[in-house]
Amino acid sequence: MPRRPTRFLTRFGLGLPFVLAVMALAFGAGTYLGGHFLVPPGQGLAAPAEAMGYGLLAALIALVIATFAAMKMPVKALGLLAMAGLLVCLALATSLTLAMRKAETEREAQIRNLQTPRTSTQAVEPACASPGSDTPNDETSPCSDD
């Protein structure tokens, strides 16, 4: 029995999520690995840009490899890998969202725990002048003449 020819739209519809998922994973992995192992310390504000550059390079390489793999792969395997890739991307997005929410609540808790500045209008007791200074001591002064 001859096989039904696969349609271009079916392969494209399954290949696009597969390629995008592979690119997203490669971008994340490239950024992480580039930031931890390839960016030297002391780069300041240039370090995140360099790390993202490594992520972009990894995503471009993954684009080429995943495109060729999607063209040669059977449609059934392509569909399974597309679903698996999308689920992994969804899991990564969920964990990133939870980590950002946790960091935000910790930051808000730190801000709430900071002491408020002193806004009291009470008079502060003046410091007494040292002996031999040219400030006169009068009877209303809280400093004693010992």
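Visitor: In what order do the elements of the protein run from the N terminus on?
Guide: They run α-α-α. The secondary structure comes to three helices and zero strands, where helices (H or I, at least four residues) and strands (E, at least two) are DSSP runs, numbered from the N terminus. This is a predicted model, in which local features need pLDDT of at least 70 and side-chain atom pairs count only at pLDDT 80 or more, while totals for chains, interfaces and linings use all residues. Residues are numbered from 1 along each chain as its sequence is written, and side-chain values use heavy atoms, with hydrogens and water left out.

Visitor: What makes helix 1 roughly antiparallel to helix 2?
Guide: Helix 1 (residues 8-38) and helix 2 (residues 46-72) pack at an angle of about 150 degrees, with their axes 7 Å apart. Axes are lines fitted to C-alpha atoms, for helices over the stretch in contact, and angles run from 0 to 180 degrees between N-to-C directions. Angles under 35 degrees count as roughly parallel, over 145 as roughly antiparallel, 65 to 115 as roughly perpendicular and the rest as oblique. Therefore helix 1 is roughly antiparallel to helix 2. By class, their contact has 19 nonpolar, seven polar and one charged residues (nonpolar: Ala, Val, Leu, Ile, Met, Phe, Trp, Tyr, Cys and Pro; charged: Asp, Glu, Lys and Arg; polar: the others, Gly among them).

Visitor: At what angle do helix 1 and helix 3 pack?
Guide: The angle is about 40 degrees, and the axes are 8 Å apart. Helix 1 passes helix 3 in a left-handed crossing, whereas the crossing of helix 1 and helix 2 is right-handed. A crossing is left-handed if the near helix is turned anticlockwise from the far one by less than a right angle, and right-handed if clockwise.

Visitor: Which residues of helix 1 are buried?
Guide: They are Gly15, Phe18, Val19, Ala21, Ala26, Gly30 and Gly34. Buried means under 20% relative accessible area, exposed over 50%, partly exposed in between (1.4 Å probe, protein chains only). These residues of helix 1 pack against helix 2 and helix 3. In the protein, buried residues make up 14% of the 146 residues.

Visitor: Why is Pro74 called exposed?
Guide: Pro74 has a relative accessible area of 52%, so it counts as exposed. Pro74 is found in the loop between helix 2 and helix 3. Its C-alpha atom and that of Arg11, 63 residues apart along the chain, are separated by 9.0 Å.

Visitor: What makes Arg7 count as exposed?
Guide: Its relative accessibility is 60%, so Arg7 counts as exposed. Arg7 has its place in the segment before helix 1.

Visitor: How do you know that Glu104 forms a salt bridge with Arg107?
Guide: A salt bridge is a side-chain nitrogen of Lys or Arg within 4 Å of a carboxyl oxygen of Asp or Glu. The closest N and O atoms of Glu104 and Arg107 are 2.9 Å apart, so the pair forms a salt bridge. A search of the whole structure finds one salt bridge. Both residues lie in helix 3 (residues 75-113), three residues apart, about one turn of the helix.

Visitor: Are Glu104 and Arg107 buried, partly exposed or exposed?
Guide: Glu104 has a relative accessible area of 32%, so Glu104 is partly exposed. Arg107, at 42% relative accessibility, also counts as partly exposed.

Technical notes. Contact means heavy atoms within 4.5 Å.
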